[in-house]
Structures are given as structure tokens and as C-alpha cells.
Amino acid sequence: MGGLLKSSVAKKFAMALSGLFLVLFLAQHFTINLTSVISPDTFNEISHFMGTNFLVQAILQPVLIFGVVFHFIMGFVLEIQNRNARAKNYVRYNGSANSSWMSRNMIYSGAVVLAFLGLHFYDFWVPELVHKYVESHPADATRYYGELVAKFVSPVRTGLYVISFVFLMLHLLHGFSSSFQSMGIRNKYSEGIRKFTVGYAIIIPLGFIFIALFHYINNL
């Protein structure tokens, strides 16, 4: 595997595959969070299942964490590699003439998304670990909705979430569709895939923004 990933094409393929995996997780995460707007009881039930199920905790969660770390490390590696290649191959490189703003700034939107994930883990994953394994509280299937809502009391924290999802949108607008290209998928369905990825890249982040603002306004 180490030798395979020395190839630029292999790196792009691996990054694309990990990105598609994270896109699937994002859709699942959005679906669960949306239930907090529709039915707090349903949100509590699903969250309690996810937080106590052995398969989710012992297998899917470590795989997800690995996927996040792998995707962003590979992104930084490819960015450095691409910049070095441009410096060697072009006397004058006019980025705006050869690529879109989003493609040229994926590293920056990715860095913001990574920082947001750090905040998100700090807000939800770390307290969950402390609650279960450090403070050893008994299982409480009704606590998840209250904990979620409490995170959106602060306008500053809510604003950070909103800004982060805007950058996630920018990241997805280029990254999601380019993942299929990196995997060599170019056929009669390519245009349909492109339209789907654009719709996904806009709707899912806007959905997360709606959830954050909904709970913030309800807290006023």
C-alpha cells in the first residue's frame, strides 16, 4: 500500500475514495440532526442508539476517524506536491486562467472544515467520552437533545458553525464532483453526477445552517 500511494494518481484515487466515504457520513449525520428539528424524542432515540451500539462505537467510529485524518493528510500532501510541480514546470503560472477559484483554494476551505471538525469533536465527541467513561454516568436516553440545543445558545458559537458550513459548501462544490473524475468515472452519466454533486454541496450545508439557526432562534 505504501508503494502504491507513492503514485500521484493513486493518491488522488485514495483521497477521492475517502472523500466519498465522508460524504456518505455527512448525509447520515445531517439526517440524524434534522430529526432534532422535527422530533426531539426521535433525535434522542437515534442518538442513544448510535452512542451505545457496539458496532457503531467499536468499528464504524474508528473507521470514520481514520477516514477524516487520512482524507485531510492526503489533501495537504497533494497540495504540496502540486505546488512543487507548478514551481518546476511553469515560469509563469496564471492560476485564475487555468482553474476555478474553488479548485485553487481547496486547501484553505479544507483547513477551515478541519478546524470546524475539531470544534465539533470538542463540543460533542469529547463530552460524550467524558460522560460515559470518565464521570461514569448511568445511561440516559433523553439527554442528547438538551445537549445539542445548549451548544447553540451562544451567537458566537452559532456563527462559527454557520461560517464553517459555508466553507464546507465551497469545499464540496469542487471536491465532490472531482472525486468521481479522480476515480476515472467519465461516461454518459457524468453530467447527471455533476448536477447531483452541486445540489448536494449546496443543500446539505444549507440544511446544517438551518438546524443551527433554528435552535439558536428557539433559545432566544
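**Salt bridges and helices, close up**

**View 1. Arg-157 and Asp-123 form a salt bridge.** Arg-157 is partly exposed, at 24% relative accessibility. Here "buried" means under 20% relative accessible area, "exposed" means over 50%, and "partly exposed" covers what lies in between, with a 1.4 Å probe and protein chains only. The model you are looking at is predicted, so local features need pLDDT of at least 70 and side-chain atom pairs count only at pLDDT 80 or more, while totals for chains, interfaces and linings use all residues. Residues are numbered from 1 along each chain as its sequence is written, and side-chain values use heavy atoms, leaving out hydrogens and water. In the pair shown here, the side chains of Arg-157 and Asp-123 meet at 2.8 Å, N to O. Because Arg-157 sits in helix H8 (residues 155–182) and Asp-123 in helix H6 (residues 106–134), the bridge ties together parts that are 34 residues apart in sequence. Helices (H or I, at least four residues) and strands (E, at least two) are DSSP runs, numbered from the N terminus.

**View 2. Arg-143 and Glu-128 meet in a salt bridge.** The distance from N to O is 2.9 Å. Arg-143 belongs to the loop between H6 and helix H7 (144–150), and Glu-128 to helix H6, so this pair ties together parts that are 15 residues apart in sequence. Both Arg-143 and Glu-128 are buried. Look for Glu-147 too: Glu-128, Arg-143 and Glu-147 are linked in a network of salt bridges.

**View 3. Within helix H9, Arg-194 and Glu-191 are three residues apart.** That spacing is about one turn of the helix, which covers residues 190–219. How accessible are the two partners? Arg-194 is partly exposed, with a relative accessible area of 39%, and Glu-191 is also partly exposed, at 40%.

**View 4. The whole chain has nine helices and zero strands.** Starting at the N terminus, the elements run α-α-α-α-α-α-α-α-α. Of the 220 residues, 35% are buried. A contact means heavy atoms within 4.5 Å; among contacts between residues at least 6 apart in sequence, 80% join residues at least 24 apart. The chain exposes about 12900 Å², with carbon and sulfur atoms supplying 69% of it; accessible areas come from the Shrake-Rupley method with a 1.4 Å probe, and for residues only the protein chains shown count as cover.

Technical notes:
Salt bridge = Lys/Arg side-chain N within 4 Å of Asp/Glu carboxyl O.
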